[in-house]
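Here are a few friendly notes to read alongside the model.

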Amino acid sequence: MSIFNYLKNQIRGKSHLTLGFLLVTLLLFPLLVKSQFIIRVVINILIYIMLASSMNIINGFGGMFSIGHAGYYCVGAYTAAILSTRFGWSFWILLPLSGAMAGIVSMLLLGFPALRLRGLYFAMVTLGFSEVIRLIVLNWITLTRGPMGIPGIPFPTFFGNSIRYNWQFYYIILGIVVLMLFIIQRVLNSRIGRAWISIREDETAASAMGVEVFRYKLMNLFFATFWAGVAGCIYAFFARYISADSFTLDEGFSILAMVIVGGQGSFIGPILGPFLLLTLTEIFRGIAQYRLIIFGAAILIVMHLRPGGIAGGRMHSIKLSNIQEIKQKLSVRQDK
Amino acid sequence: MFYLQQIINGIAQGSIYALTAIGYAIILGIVNIPSFVHGDVMMIGAFAGYYSVLLFPDNLLLVFIIVFAATWVLGIIVDMVCYRRFRNSPRQVMLICTVGFSIFLKSSSQVIFGTRQKLIPNILGNNFFALGEIRITFVQIFIVSVVIFTVFLLQLLLYRTKIGLSVRAVSMHKSASALVGINVNQAMRFGNCLGCALGGIAGILLGVYYNAVHPLMGGNAAMKAFIAVIFGGINIPGAALGGLLLGIFENMGVSFFGSGYRDIVGYVILIIVLLIKPSGLLGRKESEIRI
């Protein structure tokens, strides 16, 4: 793993330089690359970066374990699709609205009843919740057209100009993703983010220090699912056709895989995870049936090489019951 | 009469769910995470059964032995790939490994076996008993009797042998069972293989019930097993009860609301049970997962 450490050391201390270089590359990207296919792939990666980052807020920072992220994505996408095709609402209003819708649905229907469950039991509820949303969408034909899906979502407009080319979408989505990452970074470094991390580390200790656990967990859920809903809205306008098949459990599992492969609980992990996994699978697009085999194998290989993910986050507290873990941590410290 | 018929169909389907759920409960007790690879183990078992039925159409016992052996070997691979190295890691690592392995198995079997569904030759025929308006097909009787027989053998294995005892001990407490001299790794592998092999048999039964096998059949069936385990409680009697009840409820739900809502019944049960009694019908406390 020395190559990772080498890169880490190279980047460390020059983060502004790296960030600037990255931004310039991303801005110039559509000018340099003429292939429409590659631009579409990159837009896809950007959408998954949104989803993975928002899931990372719940799983990596909130200390909860959610599997059913596809459900909130579905709520956002269908809110945007229905309101824009039936009432002609604009993309820019729907962007926060579908996010808020996903957030409210998750907070009221999932958060209030299910937050008192811990760990795996919470994970199971989110899984069931995601699938229930998909099945309702599939069966409520008068609202969602069921298995036929919603086609013909209009092009968004930007100061009167209709956005219809891939490079225009690319710049808008890039802008939203950068804005989202900035907001997430600021929130995580604020009082709220610190409270989430303290809940993740130890709930009892956090509440003893005056953190209202339930309220902060609800806020965490709302904040994370808000961005999942925004990603759904973007997906609906970009793909221009949505159906319930896009939001199966497998979708939620791939988002989870991207988070964990990238490194749960780190800020950069959910950016690296989708990038790695989607680039790998798109390289093998030519042999379509092997694509998913490579996706599965890549998850297994990364987990075997780096069980903490590529940019694995570090837990700050040590549980006294697990002697093995304490020994490992102590030995790591001695090495340094 | 109509509802009685639905209950009988539900019992036949529910007994398959029950067998899957028992295997799932053993694995859940051993590794403490929901294994998402179980559906694909079932699918591989169903395909092994399909090919061995083509090879040996007369000898059903041999078919079941082949299925059992094939999924047992697959269980060893699952243990090697997903569980063994990550015993002391955070548990989402194991979970995501099962997800990755499931994607891998599903898509490679789509490449190997083809995406079309394969029809299992109808060995038992379409005969049925008729009691008034109620029909009980031979297939249903066959399935229920296979499930009862397998569960009987499983009870003998878990409660009358030494390795069964160590599997039960490991699923209660790993460090404590290591202290009294149980080979934890071996017992975990054995339990996982046992769960997978039961899943394989359930897979071929599912294939016989629907008369077809295809590479994507596992996912839904494994979710049903998962719901059944949560519904009944994470232990063997709980899983069996949960599976049977889930089968009956589903068939009743279909007759009330229509077939589009078949899967939603299970998930609604899952959410309600988790909110009201997270340990399940026959479960013990929330914190203890044991078989």
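**Notes on chain B and its partner**

1. In chain B, 76% of the contacts between residues at least 6 apart in sequence join residues at least 24 apart. Two residues are in contact if their C-beta atoms, placed from the backbone, lie within 7 Å. Please keep in mind that this is a predicted model, where local features need pLDDT of at least 70, side-chain atom pairs count only at pLDDT 80 or more, and totals for chains, interfaces and linings use all residues. Residues are numbered from 1 along each chain as its sequence is written, and chains are lettered from A and ligands numbered from 1 in the order in which they are written.

2. Chain B holds 11 helices and four strands; helices (H or I, at least four residues) and strands (E, at least two) are DSSP runs, numbered from the N terminus. Its C-alpha trace spans about 60 × 45 × 35 Å along the principal axes.

3. Now for a local detail: β2 (residues 128-131) and β3 (residues 134-137) of chain B pair in the antiparallel sense over four bridges, where pairing requires that DSSP finds at least two bridges between the strands. B:Leu131 sits opposite B:Ile134 of β3(B). Two residues separate the strands of this hairpin, and B:Gly132 in the turn has a positive phi of about 65°.

4. Turning to the interface, 33 residues of chain A are in contact with 31 residues of chain B. On the side of chain A that touches chain B, α6(A) gives the most, with 10 residues.
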